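Hi,

I am passing a structure on to you, along with some notes on what turned up in it. Please have a look at it first and then read on.

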Amino acid sequence: MRRTVFNEDHEAFRQVLRDFIEAEVTPHYQEWYEAGIVPRDFYYKLAELGLFGIEVPEEYGGAGIKSFKYNAIESEELSRAAVSFGGSGVHVALCLPYLLKLATDEQKKRWLPRFTSGEMMFAIAMTEPGTGSDLAGMKTTAKLSEDGSHYVLNGAKTFITGGVLADRVIVCARTSPAREDDRRYGISLLVVDTKSAGYTVGRKLDKLGLKVSDTAELAFSDVQVPAEDLLGEENKGFSYLGQNLPQERLAIAYGAYAQAAAAVEFAKKYTEERHIFGKAVVSFQNTKFELAACKAEVDAAQAVADRALEAHDLGELTAAEAASASRVIDRCLQLHGGYGYINEYPIARLYADNRVNRIYGGTSEVMKTIIAKDMGL
């Protein structure tokens, strides 16, 4: 079926992005993969391409386009090439919405131009050791000084995507104790300069997948954060986190669909080229059935993803609606035989990268509870 979610401008953007990936990413990707991180200078190239400023207002150097469709195209093209732009996805898809919705005019003037140019890379720090998806249970604290000039930040965070190369991190911390009837109360968002005294980047975590996306542990020991770097109102941070959940989960879901679609194409190409018992693997009935079944699942996922994308741009996507591509990738890897287990082949990287989709942004189990609650159960 013909897709209607993208127009000519979107498709022109897709071609520019595809050319960029072929010229600037694919030739270097194995080196980045082995290093477990992209070079910091690469982010300036993404900025020059305009990727960081699509949704940033024109007055701050962006294009001022209020749409997530360009991010969706980026997911499709990266999956098509089985590569990644490192931790930059968090910079745009997760951090930018908080800055646009919560930052004061003064903060926007300080942060957004450098955000758009790649000079100031952002990450967001929610998860703590031992808390996982229970954000209300966080222990990191930020106490306001007696003169009200700054907060003193203490605690630790883990699984922070982009945390190694970030220049600013939106840190979720307790500025007040939880109330007996509301354990979500008391959390605030602080934009922390990673060069601050007492701010430490711990281990760069060695992950199963998403190898070039730097993921770090962070520690804060009496870090002084200027009061003017409070994002939004004090103690209302938890509600702010909830407001961005639809986009965060849409990004994860769209990425999962894009990975599955790419896996089918990789498997189709491989089985056409691979010969066994004197004929192409694709000519066997089982191969045809497997590819057809995977294609059907991908088509269904694409329809749901596109519908969610349209709803998001219209401001109608809820957290429950944004809450199963792993089966497709697993079956496509199987069609590669032993070569599917070798990292040299794109399907192996997709397989490893895809697994985290059922964990971050809230585990699949948490997603089920949200859907059940939306059903009135």
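A word on naming before anything else: helices (H or I, at least four residues) and strands (E, at least two) are DSSP runs, numbered from the N terminus. This is a predicted model, in which local features need pLDDT of at least 70 and side-chain atom pairs count only at pLDDT 80 or more, while totals for chains, interfaces and linings use all residues. Residues are numbered from 1 along each chain as its sequence is written, and side-chain values use heavy atoms, with hydrogens and water left out.

Let us start with His-10, which sits in helix 1. His-10 has a relative accessible area of 6%, so it is buried (under 20% relative accessible area; exposed is over 50%, partly exposed in between, with a 1.4 Å probe and protein chains only). Apart from neighbours within four places in sequence, His-10 is in contact with Val-5, Lys-69, Tyr-70 and Ile-73, contact being heavy atoms within 4.5 Å.

The axes of helix 1 (residues 8-25) and helix 4 come within 10 Å and cross at roughly 40°; axes are lines fitted to C-alpha atoms, for helices over the stretch in contact, and angles run from 0 to 180 degrees between N-to-C directions. Residues making this contact include His-10, Phe-13 and Leu-17 of helix 1 and Tyr-70, Ile-73 and Glu-74 of helix 4. By class, the contact has 7 nonpolar, 1 polar and 9 charged residues (Ala, Val, Leu, Ile, Met, Phe, Trp, Tyr, Cys and Pro count as nonpolar, Asp, Glu, Lys and Arg as charged, and the others, Gly among them, as polar).

Next, the cavities. On a 1 Å grid over the protein atoms alone, a cavity is a set of points where a 1.4 Å probe fits but cannot get out, and lining residues have an atom within 4 Å of a point. The largest cavity has a volume of about 60 Å³, a volume being the space filled by probe spheres set on the points, which are joined across faces, edges and corners. Tyr-70 and Glu-74 are among its lining residues, and helix 4 gives the largest share of that lining, 3 residues. The lining of the largest cavity divides into 6 nonpolar, 2 polar and 2 charged residues.

Best wishes

How values were computed
On a 1 Å grid over the protein atoms alone, a cavity is a set of points where a 1.4 Å probe fits but cannot get out, and a pocket is an open set with protein on both sides within 12 Å along at least five of seven lines; lining residues have an atom within 4 Å of a point.
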